[in-house]
Structure formats: structure tokens, C-alpha cells
Amino acid sequence: MDSGNVMKKRREKKKHNEVTEVSDSEISYLEKPSSNRELGDGAPANEVESVETVPPVKEDSSPVKSVHLHLEIDLVFVLLLLLALGTRLYNLEEPRYIVFDELHFGRYVSLYTKGVFFFDAHPPLGKQLLYLAGHFAGYDGNFTFDRIGSPYTESVPVKALRLIPAVSGSFLVAVTYQLMLEICTYQWTAILAAFLVLFENCFVAQSRFMLLESIQMLFGLWGLLCVLKSTRKTGLLSVLWLCFGALSLGCCFSVKYSGIYTYYLAMFLVGRQMWRRIGLAQSGLRLVLSTMWRLLVLTVLPLAVYVSVFYAHLAMLPKAGPHDSVMTSAFQASLQGGLASITRGQPLHVAHGSQITLRHSHGRTCWLHSHAHVYPVRYTDGRGSSHQQQVTCYSFKDVNNWWIVKRPEQASLAVARPPDVVRHGDVVQLLHGITSRALNSHDVAAPVSPQSQEVTCYIDYNVSMPAQNLWRVEIVNRDSDDATWDGIRSLVRLIHVDSGSALRYSGRQLPSWGFHQHEVVADKVVTHQDTIWNVEEHRYTKAEDRKERERELVSAEMIPTAVTRLSFWEKFFELQYKMLAHAPDAPAGHMFASEPADWPLLARSIAYWLSPNSNAQIHLIGNLITWYTGTFSVLFYSTLLALYAIRLRRACYDLPPRAFNKFYDAGCILFLGYLLHYLPYFFMDRTLFLHHYLPAYLFKILLLAYVIDHVYYVLQMYEKTRRLTNLFIMCITVWLCYVVLTFKKFSVLSYGNTDLTENDLMNLRWKDTWDFILHKKTN
């Protein structure tokens with residue numbers, strides 16, 4: 001059979017249903033443009049160019065029309081958007097209780113309202129949008145988000161705070177339709193994809209509360225659509241679409257870092273476009289310039305969005321808050337009411353006789369600490385210890401965090417006038433303030449990290465083990481080799497003089513004999529970031545008497561006071577490092593946690609909310625019909641992709657070039673999009689939940705719609721299979737009916753507005769692993 005004639009008949013028959021935009025991937029199969037046309041920088045011209053007859057010019061006395069406005073409205077787009085708004089905005093203020101992670105995001109909105117600094121492991125754009133909605137609704141930030149299930153008071157504009165995610169989830173349906181128009185063969189396939197997203201229970205539930213996934217997915221999908229349009233346009237339109245896409249992708253990973261996977265997909269699509277341009281008859285210079293401006297747009301604009309979001313974040317939060325201890329002392333001191341709020345006039349320069357606390361500067365927040373307890377005679381593995389006084393890193397403010405800086409050759413601890421300032425390279429001793437024993441290290445293996453040396457406070461009852469308590473001060477961020485050791489701003493390493501090892505926080509926890517505090521060692525690797533400390537609290541010793549000195553330490557303020565000025569970039573980079581360091585610190589052992597291997601088969605759900613008065617409840621749970629069919633479509637598409645590739649290698653052409661390119665495009669966008677958003681979670685060492693799968697699931701639904709599109713196309717292409725078309729359409733219709741019925745059945749768990757009986761819940765528990773909660777009603 002002549003496949004070209006079949007394709008021609010099919011186009012004539014289905015012309016009103018087809019999407020006719022030509023993709024950049026079809027460039028090698030189009031007719032060459034006429035010699036008087038220039039090949040543009042974007043996609044090629046349409047497949048067929050019409051020839052118009054120019055009528056003779058006639059003089060006309062009517063006014064010249066200089067401006068034209070052509071307004072085109074896609075009624076399908078509008079209808080889908082209205083349907084989505086109806087499902088997402090319905091009864092949005094109910095339930096008037098804190099639902100799942102509204103606990104966290106509501107707190108952040110309140111802190112934004114009050115301008116109080118907080119720390120979160122994700123970028124702030126999504127939280128800022130929630131704050132703006134609450135701000136315009138008049139929210140005062142005084143509600144306490146204490147626990148999941150607590151009722152909202154009348155002062156909380158619940159509907160407004162949930163509006164941004166709901167509207168985002170609604171536009172996600174409409175943008176899905178637009179994206180699939182760029183990929184599929186038929187318009188009804190784009191409608192089908194939007195229809196599946198519209199009637200997906202997990203997307204409805206996730207869109208109706210103060211949660212971020214719907215915002216992230218909307219920015220990501222819209223950015224991807226814009227980038228795709230850019231690859232198929234020419235000239236200024238190509239530039240504009242790419243700029244819109246870059247800005248949207250920057251917003252995507254400024255909501256949650258998982259949005260970076262969508263950005264990688266967009267970069268791949270543009271890279272693929274430029275790779276194909278290499279084969280065109282263009283000059284090398286033009287090709288390089290085309291590549292460079294695209295790379296510049298996709299790099300600069302997303303980064304500009306990301307940095308701007310953090311600039312706004314830091315500008316909106318000038319006051320000290322509950323999360324200050326995560327940040328360095330200098331950062332805390334730059335906040336209003338933070339380290340500078342307790343007392344004034346803290347000494348700047350560390351000197352002989354200074355009373356200080358030494359804070360670990362990177363990663364976990366803790367302070368160098370000691371107490372009267374000693375190391376056990378033998379450790380749990382049978383190794384012997386020095387049986388000296390324990391030295392640890394303690395995560396809380398405590399009087400045992402105080403140390404006194406002492407010159408080895410001076411006996412008096414009182415600060416001289418003028419103070420004997422410590423500089424880079426000076427050798428000092430550090431006396432523990434309460435016990436007056438000196439910080440020490442020796443050739444004994446550390447308790448939990450035997451590759452490093454033990455650190456103690458020396459007790460002189462063992463004469464066979466002499467004191468080794470001299471430490472050299474190395475200022476890491478010094479301006480010169482004569483730099484002074486300053487409180488808060490100086491980052492220092494303390495190098496043990498006898499062994500050359502650096503005082504280091506090992507990151508490991510001590511057993512019960514060490515009160516589960518963190519281990520401190522002396523490590524030969526002196527350049528490790530965990531060897532860096534800074535002085536936080538600082539005061540000068542005034543009394544010579546030990547008892548009087550202890551009273552000074554006990555009564556001292558536990559927060560330093562010197563105001564510091566940090567630039568935006570200093571704060572920005574510190575915040576990036578802290579977010580990276582604290583990213584793995586997610587809650588462990590959560591009852592609704594799940595593994596990536598569970599997600600494709602929907603093995604677990606998440607209980608978002610349970611009514612205190614009834615069995616009405618909200619669960620993050622998917623439409624099981626769509627979910628399982630989507631999983632099958634991933635396997636089916638990957639099998640087809642391998643089969644087509646093998647047969648093409650053997651010179652068997654199963655599809656016309658245009659159809660094969662569309663099939664390949666779907667793989668590059670949808671199949672690859674699914675893998676990019678799913679596979680990385682297998683390598684994450686953190687607690688994961690079902691909602692982490694939602695961006696990947698969105699691509700899986702779109703791939704499902706394309707697989708249906710492709711099967712229909714193949715059935716139409718061959719005479720022998722065309723008779724099966726009606727049967728296929730009937731099967732799809734029945735399947736869609738089940739999709740809608742399943743959505744309706746489980747919608748009671750998406751909206752949480754129905755009091756369910758025990759039988760109702762059991763009828764909804766289609767899998768034994770689903771965690772439904774039942775209230776036992778008492779008479």
C-alpha cells in the first residue's frame with residue numbers, strides 16, 4: 001500500500017481534528033523553501049505555501065486603517081478552564097481546619113506578615129504567593145498554626161489563602177490542553193489529556209489547600225510549553241517565547257527545588273533543536289550565535305528570577321525569629337532584635353582573658369562544650385580511652401559552653417589594659433570556664449571516629465599522660481597575616497600544636513555515656529569545613545578568683561550583641577549553603593511515608609485531615625483507573641520505542657517520517673519528562689511521600705493520552721486495522737466513563753465534606769495498603 005496516498009486521504013478526512021503546526025523535528029521532511037525566502041532562525045515554514053493573486057491597486061478615499069486587533073479565543077481552552085475552576089474552587093473554605101502541610105506553610109505566611117525571619121529547605125516563591133493572597137485578604141498573622149486538625153478562627157481568610165493553589169491547579173488543566181496540541185496528532189487527544197487531569201483526585205486534593213505542588217507544576221508546564229513554541233517559531237517570536245519560558249522555569253524551581261527537573265527537560269529540548277541545526281546549510285557563526293543567545297536566555301533569566309525571589313525574601317524578613325540558630329552568628333547579628341538586642345558594647349577583639357563560646361560554623365548548629373563527666377575506661381568496641389574529661393559539641397545554649405582564652409606563659413586571667421589581643425598564628429590555651437581544665441588532645445583514638453584523635457579537657461591525675469593543650473589560631477577569612485581574632489565575624493581553625501590536627505565536629509553522635517551529644521575530634525584533614533568555628537558570645541574576664549569568675553559566667557548573657565552589617569550576597573550565599581546542608585533533615589519515620597517503588601501502583605495514600613466530629617476525611621489518593629492505565633502506558637510506550645528503533649535499524653519503516661517524528665517527540669518530552677521527575681527519588685536519602693510523585697504523574701498522564709493518540713493513528717493508517725477503529729473508540733469511551741465514575745466515588749476523600757460510615761470507608765479501600773482512619777462512634 002502506498003503510505004503517502006493513505007496519509008493524504010487521512011489528512012483530508014480528519015483535517016478539522018488535526019493539529020497542523022509543523023515541529024522543528026520535521027525539518028528534513030519538508031519541501032525546500034523557494035529561493036526568494038530566507039531560512040529563519042526558528043522552525044521552517046509551513047508544509048504547503050499558498051499563492052495569492054494580487055489585485056490591481058485602486059485609489060480609495062476612505063481613511064487609512066493603521067492598527068488592527070485580531071482576537072482569537074479558543075473555546076475549548078475556556079471551557080476546560082471553567083470546568084477546572086468549578087472542581088477546584090468548589091466549597092474552598094471547607095474544611096475550616098488545618099489540613100496536612102498547611103501547618104507549615106500557614107506558619108510561614110504568619111511569619112512573613114510579621115516580618116520575622118524563618119528557615120525552610122525550599123525556595124520561598126510559593127510561600128510568598130500564599131502570603132500575598134493573605135495580605136490582600138487582610139490577614140494579620142496572629143493565628144497560631146499549632147497542629148494538624150486545629151480549627152481556623154474567623155480572623156483567618158481560609159478561602160483567600162487556598163486560592164492561589166486552587167487557581168494554579170485549574171490553569172494546569174488548560175495549559176495541559178495547550179501543550180498537548182503541540183505534541184499530538186489530533187485535537188481530541190489534547191482534550192483527552194486535559195480531561196484526565198481534570199478528573200484526577202490527587203490533583204484536586206493537592207490544589208484545594210495551602211500546598212505548593214500545583215503552583216510548581218503550573219510554572220513548569222507553562223515554561224515547557226513556551227520553550228516548545230520557541231523551537232517552532234522564527235525571529236522575534238522565537239526569542240519572546242523562550243524568554244517567557246525561561247522566566248516561568250525560574251519560577252518553577254523557585255517554588256520547590258524539584259522543579260529543576262523540568263528545567264533540565266527544557267534545556268534538553270533546546271539542545272536537541274540546536275543539534276539538528278548543525279545539519280542545515282547555515283554559516284558556523286550564525287549557528288554559534290543562535291546557540292549562545294538561547295543558552296544565555298535559559299541561564300540568565302531563571303537565575304535572575306531565583307535571586308530576585310531571595311532578595312524579596314530577605315527584605316521581607318528583617319526581624320529575628322525562631323529559626324535564627326540555624327544561621328551563623330554574623331547572620332543572626334544582622335537581624336533586628338537578634339544578637340544585638342540583649343546588651344550593647346560586646347568587645348570585638350578576642351584577647352588573653354576573653355570569655356567566649358565557640359560555635360560550629362557550618363552544617364549543624366552546636367557549640368564547643370565540656371562537663372565534669374569523663375570518657376569511659378573502655379569504649380563499646382573494647383578500645384581503651386584516656387578516661388579524661390569529655391569534650392562535645394552541644395546543640396543548646398548552656399553555661400558549660402563557655403571557654404577562657406589564655407596565653408600559655410601568663411598566669412593571670414584578667415584582661416589587661418589595653419587588652420592583649422590574639423592574632424592569626426598565635427598559640428593559646430582554652431580553659432573550660434566552669435571546670436577550669438584546658439582543652440587537650442593526644443594520640444588516643446576518638447570514641448566514635450577512631451581514625452581521628454580524642455579531644456579532652458586534661459585532668460592531671462594520670463602522670464603518664466602529659467598535657468598537650470596548646471592550640472594555634474588560624475583565621476580563615478583574614479585580610480592579612482596580622483589579622484585580629486574578632487568575635488562573630490572571624491572564622492577560625494584551632495590547630496593542635498603537638499599533632500598538627502584541627503579541632504573538628506565529626507558529625508557523629510556519642511552513646512548514652514556522652515548524653516547523645518555530638519563528637520568533637522582532632523583531625524589530620526585540617527581543610528575540612530567542619531574544622532571552622534567562630535566566637536559567638538564574648539566578654540572580658542574581670543575577676544581573678546575562680547568562684548567569682550564562675551559567677552560571671554553563670555550570669556552572662558547567652559547571646560552576643562555586636563551589630564553586624566552583611567551584604568545581600570553574603571546572606572544569600574550563606575542561606576544557599578544552609579538550605580543545602582539541611583535538605584536531608586526531613587522528618588524520619590513518618591507514618592504516611594512511602595518509597596518510590598510504591599508510587600506507580602499507588603500502594604500508599606496520605607491522610608491529610610480527619611474531622612474531629614465525624615468520619616469525614618481528606619486523603620491524597622489518585623484516580624485508580626487513570627493511575628494504573630498510566631503505568632501501563634509507560635511500559636507500552638517504552639516497548640514500542642524499542643521495537644520501532646530495532647525495526648528502523650533493519651530498514652523496516654513502520655511509520656511515515658512525520659508520524660515517526662511525532663512519536664519520537666513524545667518520547668523526548670513526555671517519556672523523558674516522566675523519567676526525569678521520577679528516577680532521582682530512588683537516590684535520595686530522605687523521607688518521601690506520595691506528593692513527591694505528582695509532577696512525574698502529570699507527565700505519565702500526558703504520555704497515556706499520547707499513546708491513545710498513536711494507537712488510533714496506527715489503526716487509521718492501515719486498511720486491515722481500520723475496521724477496529726470503532727471498537728477502539730468504544731473501549732476508550734467505556735474507559736473514560738470509569739475514570740469519571742471513579743473520580744466521583746473518591747471525590748468524598750478529595751473534598752472532605754461527607755460523613756462516611758464504616759462501610760463507606762471499607763468500600764473505598766480498594767487496596768489493603770491504603771491507610772484509612774475510622775472513628776469509633778460512641779453512644
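User: Which residues does Ser170 touch, not counting residues up to four places away in sequence?

Analyst: Contact means heavy atoms within 4.5 Å. In this predicted model, Ser170 touches Leu81, Ala84, Leu85 and Arg88, with residues up to four places away in sequence left out. Ser170 itself is found in helix 6 (residues 163–183). Helices are DSSP runs of H or I with at least four residues, strands are runs of E with at least two, and both are numbered from the N terminus.

User: What ground rules apply to the model?

Analyst: It is a predicted model, so local features need pLDDT of at least 70 and side-chain atom pairs count only at pLDDT 80 or more, while totals for chains, interfaces and linings use all residues. Residues are numbered from 1 along each chain as its sequence is written, and side-chain values use heavy atoms, with hydrogens and water left out.

User: Is Ser170 buried or exposed?

Analyst: Buried means under 20% relative accessible area, exposed over 50%, and partly exposed in between, with a 1.4 Å probe and protein chains only. Ser170 counts as buried because its relative accessibility is 0%.

User: Which backbone atom does the side chain of Ser170 reach?

Analyst: A polar contact pairs N or O atoms within 3.5 Å; within protein, one must be able to donate a hydrogen and the other to accept it, and residues adjacent in sequence count only if both atoms are side-chain atoms. The Ser170 side chain reaches the backbone oxygen of Ala84 at 3.4 Å. Ala84 is also among the residues that Ser170 touches.

User: Where does Ser354 sit?

Analyst: Ser354 lies in strand 1 (residues 354–360). Ser354 is buried, given its relative accessible area of 0%. Its side chain reaches the backbone nitrogen of Ala351 at 2.8 Å. Beyond four places in sequence, the residues it touches include Trp403, His538 and Tyr540.

User: How do helix 12 and helix 15 pack?

Analyst: Axes are lines fitted to C-alpha atoms, for helices over the stretch in contact, and angles run from 0 to 180 degrees between N-to-C directions. Under 35 degrees counts as roughly parallel, over 145 as roughly antiparallel, 65 to 115 as roughly perpendicular, and the rest as oblique. Helix 12 (residues 284–316) and helix 15 (residues 568–582) pack at about 100°, with axes 11 Å apart. The two helices are therefore roughly perpendicular.

User: How many residues of the chain are buried, as a percentage?

Analyst: Buried residues make up 54% of the 779 residues. The chain has 22 helices and 14 strands.
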